[in-house]
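Hi,

Here is the structure I promised to pass on to you. Have a look at it first, and then read on for my notes.

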Amino acid sequence: MTQLVDTPIPSDPQTHPAFRGGPVAPSTSKLTPLDSTEIRLTQGYWRSWQQKNSDVVLAHCEAWMERIGWIGNFDRAASGDTGWEHSGIEFVDSEIYKLLEAMAWDLGHGENPDLQQRYDSLVDRVASAQEADGYLHTSFGRPGQPARYSNLEWGHELYCFGHLIQAAVARIRTAGSGRLVEVAIRLADHLYATFGPSGREAVCGHPEIEPALAELGRATGDARYLELAALFVERRGHGLLKPIEYGQEYFQDDQPVREAETLRGHAVRALYLASGALDVAVELGDEALAAAVERQWSHTVATRTYITGGMGSHHQDEAFGADFELPPDRAYSETCAGIGSNMLSWRLLLQHGDTKYADLLERTLLNNVMASPREDGRAFFYTNTLHQRVPGSVPDEGELNARALSSLRAPWFEVSCCPTNVARTLASVELYFATKTHDGLQLHQYGSYDIDTTLDSGTPVSFSVVSGYPAEGRIVVTSREQTTSEVTLTLRIPAWAGHADVTVGSNDPERVDGETVSVTRRFAPGDTVVLDLPMKARWVTPDPRIDAVRGTVAVERGPLVLCLEEQASERTVNDVRVDTSAPLVTTDTGAGVTLVTPAAPGTAGTAGTDGLGRAGWPYGEAPADEGRGASEGILRPYATWANEGPSTMRVWLPTA
């Protein structure tokens, strides 16, 4: 077991290793994450979205939760009054905590007096509701409410606590301490007393406490929190939760974590648990547990993941389906599952350095997670379908929306886990872009950002990365200072590219095949490394075992999955096929394809009659391909669909 000591949090975050890193800072790893003082977005796609998050998304989430009483729950809980009515579902506390985490990461980017005041005020309101023994929840434990921990299957108490603790870790990593940190430590101490080695043997129906406790242990040096995280991981899969209609796999309570072959059940739950299990495995040196998580990731990516990186094909239980059960028109692909997937991929990348983890993180981030927010930052997709058969319904911008029923982005949901999850992701997104080692710097994700750090060898490095990514494929890396020793700069070559043209300084470009390109030298100010990735649009074919999309193709350009949308094609997308023998034309952001439509829309691919020649039956002999018309269709990035209003859309295109 890694030796952690019971010591108070150091007062100076710049002089203690506990404060290094972003949301995840393992005590041992192949790659070392950077912290919020070492990397900064400067311009382009990601800087624009992070600024919009700071200016719009945070205030949007805060205003909605204030308006509908979710934040007010803490005021009422602190008042000591009885008989008050709780606003929202039992786990809405977690949304306030995710907002606080987003605010903390955003404050780490620089001074923002208005945000600081709002953050401090919100922390004070949360802290005022904490009870003497450290317990803090607005839905349980008071007169007229269910007793504490009386509904571990559905109550989400520990899930909420996990998000509070993660918000506190964000504050530790950006400011060193604060009132929310004190609240989280008292809460964690309460949890250790209640559920620790001498306490109640139980787990929460929704994993999340596991990665939170592990990270709090790393950040504070208190070994008890890691011990409790390990207990929760090991208890899972032993039937401690009551049976439900979806089966025990919904809770990942059907088999122990270290015995499972794949991720299953509720997708967000499964991904959060796997992240926590890997945290525990790393800190305890448990190779068998780490191998189990790696095995589950590999199987899930190979058989249960959409082309967008989305996970979860069941609406009823928000769950993974069976292997290759990936229907595009019924894709659930919850935004939070995409964020959970990135949490797990990042942890695996830090441990192994394998680019396949960065590849999936890129795919999921750009195509699943970033499909959620509307262009203005004031509405979100909860689920992410890959085929919209009928134009969606415009939601009432002033009312709560049912999460799974919203066919367009909605401002807020009865269960609004996704908007706040997007907010905390955007606030910390740059912390998933680069890492360092003893004598090297590794770039995993592309955009425009500055890095100023000291390698583990003690060598200071300063680089600027400039790129129009993901729309453009040129990445220019420039050294801003002289390095005192040789440094290895490593850039990922995405799997979708397969190769890149690399130019070092004034040398001629060189084609490099493989997963990475590395340049080792003493860098001088102005030295450049240029990576040119092929951005030509390309056909993608599905595994034939994915029955729902057999006989179709998709199109990708660079890291982006493209889609055909009614807004661009000026016709419903349901009655078109694509001619793959015709040229696929690359455009600035998407692609042009040749579409084939029948003379009478709706008859293509169906007989239109039964075996006796009677009309009204959609099965039978295929009709003759006569009277077809060809036209050009424009494919655009999937993540931007529906920003212009109701539309039909599809990612997988039937072939002519």
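Leucine 564 has leucine 635, in strand β20, as its bridge partner. That pair belongs to the antiparallel pairing of β16 (residues 560–565) with β20 (residues 629–637), which are joined by 3 bridges. Strands here are DSSP E runs of at least two residues and helices are H or I runs of at least four, numbered from the N terminus; two strands pair if DSSP finds at least two bridges between them. β20 also runs antiparallel to β19 (residues 591–597), with 7 bridges joining them. In that pairing, valine 593 stands opposite glycine 633 of β20.

Before going further, please keep in mind that this is a predicted model, in which local features need pLDDT of at least 70 and side-chain atom pairs count only at pLDDT 80 or more, while totals for chains, interfaces and linings use all residues. Residues are numbered from 1 along each chain as its sequence is written, and side-chain values use heavy atoms, with hydrogens and water left out.

Now to an open sheet: 7 strands, paired antiparallel, in the order β2-β6-β7-β8-β13-β10-β11. Its edges are β2 (39–43) and β11 (510–513); each has a single partner strand, so one side of each is left without a neighbour in the sheet. Within the sheet, β6 (residues 448–454) and β7 (residues 460–467) are joined by 6 bridges, and threonine 454 has proline 460 in β7 as its bridge partner.

Next, the nonpolar cores (sets of buried Ala, Val, Leu, Ile, Met, Phe, Trp, Tyr and Cys residues joined through side-chain atoms within 4.5 Å). The largest has 179 residues, and Ile96, Leu100, Leu158 and Leu443 touch the most other members. Helix α9 (residues 267–284) gives the largest share of this core, 12 residues. Apart from it lies another core of 22 residues, including Ala371 and Trp641. Leaving aside neighbours within four places in sequence, leucine 443 is in contact (heavy atoms within 4.5 Å) with residues including Phe433, Tyr449, Ile451 and Val465.

And how many disulfides are there? The search of the whole structure finds 0, a disulfide being a pair of cysteine sulfur atoms within 2.5 Å. The sulfur of cysteine 417 is 3.6 Å from its closest cysteine sulfur, in cysteine 336, too far for a bond. For cysteine 160 the closest is cysteine 204, with 8.1 Å between the sulfurs, again too far. Cysteine 160 is buried, at 0% relative accessible area, and cysteine 417 is buried at 6% (buried means under 20%, exposed over 50%, partly exposed in between; 1.4 Å probe, protein chains only).

Best wishes
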